[in-house]
Amino acid sequence: MKTYSRKLMTALLAALMLASSMVTACSDSSSSETTVPTNEVTTAADASGDTAAEETVPEETEPQYALGLPELDYQGAAVTVLGWQHYEDVEFDTEELNGEIVNDAIFQRNLDVEENLNVTLTFLEEGGRSGDSNWMALIRNANSAGDGSYDFVAGHSNNIGSLTYSIQFQNMLEQEHFDFAAPWWREALTEKATVMGNLFFATGDIAPSSIGRSQGMFFNSKLLEDYNLENPYELVVSGDWTFDKFTEMCTGTYVDLNSNGQADEKADQFGFAIDGVQVQAIGLCSGFVSLEADETGKLCLSENYISERAVNLVDRWSAFMHASNDTTFIAAIDDTTIFKEGRSVFYAFPMAIISSELRDLDFDLGFVPFPKIDEQQEDYVVCTSNAYSLWAIPLSAKDPAMSAAIMENMAYEGFLNVIPAIFETSYKVKYNTTDSQLQSQVFDIVRGSLIFDIGRIMNSSFSNVFGLIPDAINSNSGQFASKVASSKKPINKTVEKWMEKLEG
């Protein structure tokens, strides 16, 4: 927990900026790496220690987008935000400046919001991984007591989805101060999650995890070179990164490193490695959304999700994953060992570990979206894992309009400084180890291709609607079509029951 002191921290920041400018003026090109302010651009050569590279500082320009809030003064109101113990290096707040650009951008974001609206922010982080009943009970109990314990909350997407089913949150469309058409909110989510005039949660640049948890594939550049394989970045940018090309590149790359005569995930080399949770991305990253609104605006099972094309997707991925030793399922969820040890050409995992677990490797790496499944898929599609933050206002919030204003301001500040710090400085530069220009283009494609599925967010409440495709690929049962046929009625019935609550 942390409460900010605005005047103290503003003074400290001013002093640090002055000290930084003095150090910079006195340093020479052989100095160790320094922190780059968010309004500067660094080349990949800078990040790799090339002292011949030059920093480019663009001229200051007016922001392209402006925050639409009126002048608001909440007289130093104490604001409590309930977060969760997330997977990011920093998501909600941080105790101090430490020279890491994302850490410092979030620190500054919270100070700016406090100053802009005259509030005092206190962030609590309590458990909150997927299915954490204790975390969800905190919100239910606060709503039952009506005590205004939490002004707004940020939770694991599945937990927010479960609470949404029992309608524990305010309708954000009824609150003033939100501008969901602004680029700091994920329009792809608000569009899918607005049901019968209700929007109970949102995400965007208020949540670094909404980008950091983007699912795709890492690749090992050394193994690509060893097998004389094409550059995945070039394939993505040219539009030729397809399922057929991907499987072709994986074929023949299995090596029985421990010579025991059987495929061993813990010891051998593979073309592609994925765990059971990451399989969830396959359908969605091929454009298959489980729930969509019909012509009346009501949710129902998507026809695309149960189409012949979906059957083909399941059949092709199942055959690829189960038919040869070139692929392997990782037994332990979130186990990055196989890739870090250089034993997989491609490895499926969210992008954020570029800046944490995948540092200091013995090889260069890259990150690309999942390949297009067929010729009908014109564009790449990117989804996030479940482990990103959705933000909401509890029914018991003491001043929902104030909550909305603070969230709007946080998202705006995130748009200006936090997300650029993550993408432009961390992902594109600081950890850019392969083909700078193409990697930057691919990161932009990832960021611009995000989609969301309310069926995935509320999966536990909607009869495992989202699990149909990944479960079929994991099990290789060959019964996807029959499973869909038997599931359609109960899924739609469960969804209809929730919509009846909304009507009530």
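Reader: Among contacts between residues at least 6 apart in sequence, what percentage join residues at least 24 apart?

Author: That's 77%, with contact meaning heavy atoms within 4.5 Å. Bear in mind that this is a predicted model, where local features need pLDDT of at least 70, side-chain atom pairs count only at pLDDT 80 or more, and totals for chains, interfaces and linings use all residues. Residues are numbered from 1 along each chain as its sequence is written, and side-chain values use heavy atoms, with hydrogens and water left out.

Reader: Why is the set of 150 residues called a nonpolar core?

Author: Because a nonpolar core is a set of buried Ala, Val, Leu, Ile, Met, Phe, Trp, Tyr and Cys residues joined through side-chain atoms within 4.5 Å, and the largest such set has 150 residues. Its largest share, 15 residues, comes from α14, a helix (a DSSP run of H or I, at least four residues). Phe 272, Trp 317 and Trp 498 have the most contacts inside this core. Leaving aside neighbours within four places in sequence, Trp 498 touches residues including Thr 164, Val 195, Leu 299 and Phe 462.

Reader: Which residues count as charged, and how many of them line the second largest pocket?

Author: Asp, Glu, Lys and Arg count as charged, and the lining has eight charged residues, alongside 14 nonpolar and 14 polar.

How values were computed. Buried means under 20% relative accessible area, exposed over 50%, partly exposed in between (1.4 Å probe, protein chains only). Helices (H or I, at least four residues) and strands (E, at least two) are DSSP runs, numbered from the N terminus.
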